[in-house]
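Subject: Structure for your review

Dear colleague,

Please find below the structure that I am handing over to you. My notes on it follow directly after it.

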Amino acid sequence: MPHKKYIHQPTVINDLAILIGVNLIFLIMFIQFDILEWAYHFSRQHEGLELDEWIPLGLTVALSLLVFSYRRIKELGEMAQKLEQMSLLDLLSGLANRRAGQISLLSWCERAEQSQQAFIVYQINIDKFSKVNELYGQLIGDEVIKNVGQRLKAKVPAAAQLFRWLDDNFIIVIPLNEVDTPNNFAYKIQQSINNKVMQSTLSLSCSIAYAVWQKGQTANDILYEVEDALMDIKHRNKQRVKSNLKDALTAL
Ligand SMILES: Nc1nc2c(ncn2[C@@H]2O[C@H](COP(=O)(O)OP(=O)(O)OP(=O)(O)O)[C@@H](O)[C@H]2O)c(=O)[nH]1
């Protein structure tokens, strides 16, 4: 059975109210005009119409339609659930996508605000990825993205989350207490990517920026911060790690 969030509650309440109202009117009519008694006599007087067969048949058809509708509603709910899951997945890498990340970051900020437990957002960008496409073709480029995604996944602990953000960018959100030092974690990630890819001659490197959540920061604030840091190192130099660590630690 799909989760109740996939059932549109206001229309359910509306429809139930209408059904109850209509059935109450029928009930009053049945009592007022002795409908069953009348139907019984009518069917006796008009044996040829076979009403004693048609009426029970009508009831079983109504019951069947009820079961049929219930099963279709259930199917629709399950489909909505699957569509929602698909809308949160990046089809190429199989990782959670940017939409999932944006939704999830809101909860990270909310939880951090309540518990004062900081977290870190890392943004990882493959250096000169467009060259991979140019030299080896888009399909190999796709394989590289998948491969990098798998390497990152292997480095991400259960308490953290990994997203394919955009193009050749990935985001990792991790509680601050899950890393020995934020820089070390960044270097570990960098090492796992700065390698030959898929046993080929193709070698990759990446740039990483990170921002430590500070009290009062919204999801957008921290995303701007990490993106800004990444742009900065991309413009200056590749294969670097940049962060707001000093500011964040003093603010905690
Ligand atoms: N094969 C493949 N390529 C993609 C995909 N998504 C984005 N790209 C390509 O990734 C490239 C991203 O390149 P850019 O962000 O411009 O820069 P870059 O070449 O990585 O250079 P720097 O970021 O400056 O190091 C573009 O050429 C996009 O066409 C994808 O899903 N598959």
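How many of the eight residues of E1 are buried? Eight of the eight are buried, so strand E1 is largely enclosed by the rest of the structure. A residue is called buried if 20 or more other C-beta atoms lie within 10 Å of its own, exposed if 12 or fewer do, and partly exposed in between, with C-beta atoms placed from the backbone.

Before the details, some ground rules are in order. Residues are numbered from 1 along each chain as its sequence is written. Please note that this is a predicted model, in which local features need pLDDT of at least 70 and side-chain atom pairs count only at pLDDT 80 or more, while totals for chains, interfaces and linings use all residues. The term pLDDT stands for the predictor's confidence in each residue, from 0 to 100. The mean pLDDT of the protein is 87, and 88% of its residues reach 70 or more. Where pLDDT is low, the predicted coordinates should not be read in detail. For the complex, the predictor gives an ipTM of 0.95 and a pTM of 0.77.

Overall arrangement

The protein has nine helices and five strands. Helices (H or I, at least four residues) and strands (E, at least two) are DSSP runs, numbered from the N terminus. In that direction the order of elements is α-α-α-α-β-α-α-β-β-α-β-α-β-α. Buried residues make up 22% of the 252 residues. Among contacts with a separation of 6 or more, 65% are between residues 24 or more positions apart; two residues are in contact if their C-beta atoms, placed from the backbone, lie within 7 Å.

The annotated segments

An unreviewed UniProt entry lists residues 12-33 and 53-70 under "transmembrane region". UniProt positions are given in the numbering used here, feature names are shortened, and annotations may be inferred rather than shown by experiment. In the model, residues 12-33 are 95% helix and 0% strand, with the end C-alpha atoms 31 Å apart. Residues 53-70 are 100% helix and 0% strand, and there the end C-alpha atoms are 26 Å apart.

Strand E1 runs antiparallel to E4, to which seven bridges join it; strands are said to pair if DSSP finds at least two bridges between them. Within this pair, Ile 120 stands opposite Val 212 and Val 121 stands opposite Ala 211. Seven bridges also join E1 to E3, again antiparallel, and Asn 125 has Asn 169 of E3 as its bridge partner.

Strand E4 is likewise largely enclosed by the rest of the structure, because seven of its seven residues are buried. Cys 206, Ile 208, Tyr 210 and Val 212 lie on one side, and Ser 207, Ala 209 and Ala 211 on the other.

The nonpolar core

A nonpolar core is a set of buried Ala, Val, Leu, Ile, Met, Phe, Trp, Tyr and Cys residues joined through C-beta atoms within 7 Å. The largest one has 38 residues, of which Val 121, Tyr 122 and Tyr 210 touch the most other members. Elements that each supply at least two residues of this core include strand E1 (119-126), helix H6 (138-155) and strand E4 (206-212). Leaving aside neighbours within four places in sequence, Tyr 122 is in contact with Ile 171, Ile 172, Ala 186, Ile 189, Ile 208 and Tyr 210.

Asp 167 is exposed, with 10 other C-beta atoms within 10 Å.

Asp 167 also belongs to the 15 residues around the ligand, where Asp 127, Phe 129, Ser 130, Gly 141 and Asp 167 come nearest. A residue counts as near a molecule if its C-beta atom, placed from the backbone, lies within 6 Å of it. Two or more residues of this shell come from each of E1, helix H5 (129-136) and H6. Helix H6 gives the most, with four residues.

A colleague
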